[in-house]
Amino acid sequence: MAKIIGAVAASHTPTIGFAYDRNKQTDPVWKPIFDSFKPVQDWLVAKKPEVLLVVYNDHVTSFFFDHYSAFALGVDTSYSVADEGGGARQLRPVKGHAALSHHIGAALMADEFDMSFFQGKPLDHGCFSPLSMMWPHEPQWPGAIVPLQVGVLQFPIPSASRCYKLGQALRRAIESYPEDLKVVLVATGGLSHQVHGERAGFNNTAWDKQFLDLIEKDPATLARMTQADYARLGGMEDAMGRRRGYCIHRC
C-alpha cells in the first residue's frame, strides 16, 4: 500500500528559481533562503520518496479564465516547464505517476469532489520553483510527481473548509493505492502578502506566526475562517495562497 511519509510547505515565488538558475547560492542576499531549503533537500535524499504530490496554483500560464477549475489533477506521464514570457527554465521534464493520479482522481470523485483532469500542459513556477530548490534533479529527477492545481485566482474560489476536507480525502485516496510507494506531500504558496492595490507590499508577521501555530494545533479554527478574514489579516494573496496548506494538512 502507498504510504505518506511526510509533508513540506514552501514558497513558490519565481525569484527563487531564477536565483537557483543563476547560481546565487552563496550570494549574501540569497544564501539564507538556500540554507533554509537544505534540511528539506537532505530529508528527501534520505527518505527517497518515489512520488511527490504537489499542491500548487497556476498563474494563468497553462490554465485560463475561459475555463477555470477549482481542483485540476494532472494525469500525465511527464510534465515540462512552462514558458512564462521570458523563455522556459532549463530544467528537464519531471515524470508523472499517471497510475497513482488516476487512482486519486477516481477516489476523489467517489468522495464527491468534482474534479477536472489535465494532460499535455506544462507547469509554471507554482510547481517548478520550489521543486527545483528541494529535489536534486541532475542528471535527472529522482522520482515522479502528481500535480494538483487549485484554482485561486478567479472568484469564487474553494473555501478553507473545502480544502481541509480535500486533504482528508487525499489521505484516504493515497493510502488505498495498492502499490508500495513512499509519497511526500508538497504545498506551495505563501503567507501574508499582497501584490496589488492600495495595500500592495502588505504583510503581517504576527498573523503568520499565529497561523503556523494554529495549522499544527487547531486547524479546524482556520477552516472556519472566511475569505474576508484571510484577506483582512494577511492580504489578498494570503486569502488565496494558504489553500494549498489546508489541502495537505490532514493527509
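Lysine 38 and aspartate 42 sit four residues apart in helix H2 (residues 31–47), so about one helical turn separates them. Their side chains meet in a salt bridge, with 2.8 Å from N to O. Lysine 38 has a relative accessibility of 41% and therefore counts as partly exposed. Aspartate 42 is also partly exposed, at 39%. The model described here is predicted.

The count of salt bridges comes to eight. One of them joins arginine 89 to aspartate 21, at 2.7 Å from N to O. This pair links distant parts of the chain, 68 residues apart. Arginine 89 lies in the loop between strand S4 (78–79) and strand S5 (94–96). Aspartate 21 belongs to helix H1 (residues 14–21). Arginine 89 is buried, because its relative accessible area is 15% and buried means under 20%. Aspartate 21, at 32%, is partly exposed.

A further salt bridge is formed by the side chains of arginine 232 and aspartate 229, at 3.7 Å from N to O. Both residues lie in helix H8. They are three residues apart, which is about one turn of the helix. Arginine 232 counts as exposed, because its relative accessibility is 52% and the limit for exposed is over 50%. Aspartate 229 has a relative accessibility of 22% and counts as partly exposed.

Aromatic rings also pair up. The count comes to eight aromatic pairs. In one of them, phenylalanine 128 and tryptophan 141 have ring centres 6.1 Å apart. Their planes stand at 55 degrees, and the pair is tilted. Phenylalanine 128 lies in helix H4 (residues 125–134), while tryptophan 141 lies in the loop between H4 and S7. The two are 13 residues apart, and the pair links distant parts of the chain. Both phenylalanine 128 and tryptophan 141 are buried.

Tryptophan 207 and tyrosine 230 form another tilted pair, with centres 6.1 Å apart and planes at 55 degrees. Tryptophan 207 is in helix H6 (residues 205–217) and tyrosine 230 is in helix H8 (residues 227–234), so the pair ties together parts that are 23 residues apart in sequence. Tryptophan 207 is buried, as is tyrosine 230. Elsewhere, ring pairs link Phe63, Tyr79 and Phe118 into a cluster.

Glutamine 149 lies in strand S7 (residues 144–150). Its relative accessibility is 1%, so glutamine 149 counts as buried. The side chain of glutamine 149 reaches the backbone nitrogen of aspartate 58 at 2.8 Å.

The surface carries a nonpolar patch made of Val60, Phe64 and Phe65. Together these residues have about 250 Å² of accessible area. Phenylalanine 65 lies in the loop between strand S2 (51–56) and strand S3 (71–74). At 40% relative accessibility, phenylalanine 65 counts as partly exposed.

Conventions
Residues are numbered from 1 along each chain as its sequence is written. This is a predicted model: local features need pLDDT of at least 70, side-chain atom pairs count only at pLDDT 80 or more; totals for chains, interfaces and linings use all residues. Side-chain values use heavy atoms; hydrogens and water are left out. Buried means under 20% relative accessible area, exposed over 50%, partly exposed in between (1.4 Å probe, protein chains only). A polar contact is a pair of N or O atoms within 3.5 Å; within protein, one must be able to donate a hydrogen and the other to accept it, and residues adjacent in sequence count only if both atoms are side-chain atoms. Patches are made of residues with over 30% relative accessible area and no salt bridge: like charges are joined within 9 Å, nonpolar side chains (Val, Leu, Ile, Met, Phe, Trp, Tyr) within 5 Å. Accessible areas come from the Shrake-Rupley method with a 1.4 Å probe; for residues, only the protein chains shown count as cover. A salt bridge is a side-chain nitrogen of Lys or Arg within 4 Å of a carboxyl oxygen of Asp or Glu. Rings of Phe, Tyr and Trp (its six-membered ring) pair if their centres lie within 6.5 Å; planes under 30 degrees apart count as stacked, over 60 as edge-to-face and the rest as tilted.
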